[in-house]
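Subject: Handing over the structure

Hello,

I am passing this structure on to you. Please have a look at it first, then read my notes below.

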Amino acid sequence: MRDYLLTVLEQGGNLSAEEIVLHILSSAAISIAIYISYWFTHAGTAYSRKFNVSLITLTVLTGTVMTVIGNNVALSLGMVGALSIVRFRTAIKDSRDTAYIFWAIVVGICCGVGDYLVAGVGSAVVFLLLLLFGRVRNENRILLIVRAARSRELDVEGLIFRYFSHKALLKVKNTTADSVEFIYEMTRGAYRLSDKKEQSITQALYGLGDIEYVNVVTQSDEING
């Protein structure tokens, strides 16, 4: 039994130089598709050239590691133990970046074990899906910030309600003895409702009198670097 376990743990694949080169080059070739997909779907302020290049490197490195491991159980266990101590602290700018990282790792694993068909077909399907849906963006929220005299508190609330009804959510209300500040949150579509009025919401608010300032801020869920 002991000899059998030693045989299982020490078994390894004897790859030729051509097979090793093919594994690594195939992972590099498919990583180009990942690069193009990320570049196309993230064109804009969220696009990071360094991260995109890192995806290519990650794919090739994963393919190289899988080529080294092969079917050697002992080596694979040692590799898992070594990699388990690594901690990554890089902030993910976009939730889709996680999908790209996973895509790069999967391609590297498939190419490293010689499953080029799985890597190619899977990457083609993912590429098409991201091509169709990759440019989907969250609708940016609008923050309407109003500071006015305390005597205009009810007037401001009533005006906001008439313009936006329940589509403007009161997030913050700060008051002092002399002034009051409102922070309303709404979607861009809801904010455009004011365009159908005779006056813009800014003009209407200043028309009340005793308004210190009106700020309109676009709030995005994406973290840009």
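Here is what was found, from the whole chain down to single residues.

First, the ground rules. This is a predicted model, so to speak of it with care: local features need pLDDT of at least 70, side-chain atom pairs count only at pLDDT 80 or more, and totals for chains, interfaces and linings use all residues. Residues are numbered from 1 along each chain as its sequence is written, and side-chain values use heavy atoms, with hydrogens and water left out.

**The whole chain**

The chain has 9 helices and 4 strands. Both are DSSP runs, numbered from the N terminus: helices are H or I with at least four residues, strands are E with at least two. In sequence order the pattern reads α-α-α-α-α-α-β-α-β-β-α-α-β.

There are 225 residues, and 29% of them count as buried. Buried means under 20% relative accessible area, exposed means over 50%, and partly exposed lies in between (1.4 Å probe, protein chains only). The accessible surface comes to about 14100 Å². Carbon and sulfur atoms hold 62% of that surface. These areas come from the Shrake-Rupley method with a 1.4 Å probe; for residues, only the protein chains shown count as cover.

Now contacts, meaning heavy atoms within 4.5 Å. Take those between residues at least 6 apart in sequence: 76% join residues at least 24 apart.

**Two cores**

A nonpolar core is a set of buried Ala, Val, Leu, Ile, Met, Phe, Trp, Tyr and Cys residues joined through side-chain atoms within 4.5 Å. The largest one has 20 residues. Those with the most contacts inside it are Leu144, Val156, Ile160, Phe164, Met186, Ile201 and Leu205. The largest share, 5 residues, comes from α7.

Beyond its neighbours within four places in sequence, Val156 is in contact with Val146, Ala148, Phe182, Leu205, Leu208 and Ile211. A second, separate core has 14 residues, including Tyr47, Phe51, Leu55 and Leu130.

Tyr191 sits in helix α8 (residues 188–191). Leaving aside neighbours within four places, Tyr191 is in contact with Ile142, Phe164, Met186, Ile201 and Val216. Tyr191 and Lys167 are 24 residues apart in sequence, but their C-alpha atoms are 8.7 Å apart in space.

**Helix against helix**

Axes here are lines fitted to C-alpha atoms, for helices over the stretch in contact, and angles run from 0 to 180 degrees between N-to-C directions. Under 35 degrees counts as roughly parallel, over 145 as roughly antiparallel, 65 to 115 as roughly perpendicular, and the rest as oblique. A crossing is left-handed if the near helix is turned anticlockwise from the far one by less than a right angle, and right-handed if clockwise.

- α2 (residues 17–41) and α3: the axes come within 8 Å and cross at roughly 155°. The two are therefore roughly antiparallel. The crossing is right-handed. Residues in the contact include Ile20, Ser27 and Tyr38 of α2 and Phe51, Thr59 and Thr67 of α3.
- α3 (residues 49–69) and α5: the axes come within 7 Å and cross at roughly 30°. They are therefore roughly parallel. This crossing is right-handed. Among the residues that meet are Leu55 and Gly63 in α3, and Tyr100 and Gly108 in α5.
- α5 (residues 95–112) and α6 (residues 116–133): the angle is about 160°, with the axes 8 Å apart. That makes α5 roughly antiparallel to α6. The crossing is left-handed. Trp103 and Cys111 are among the α5 residues here, with Phe127 and Leu130 among those of α6.

Are Ser26 and Ser27 buried or exposed? Ser26 is buried, with a relative accessible area of 14%. Ser27 is buried too, at 0%.

Not counting residues up to four places away, Ser26 touches Cys111 and Tyr116. On the same terms, Ser27 is in contact with Thr59, Val60 and Cys111. Ser27 and Thr62 are 35 residues apart along the chain, and 8.5 Å separates their C-alpha atoms.

Best wishes
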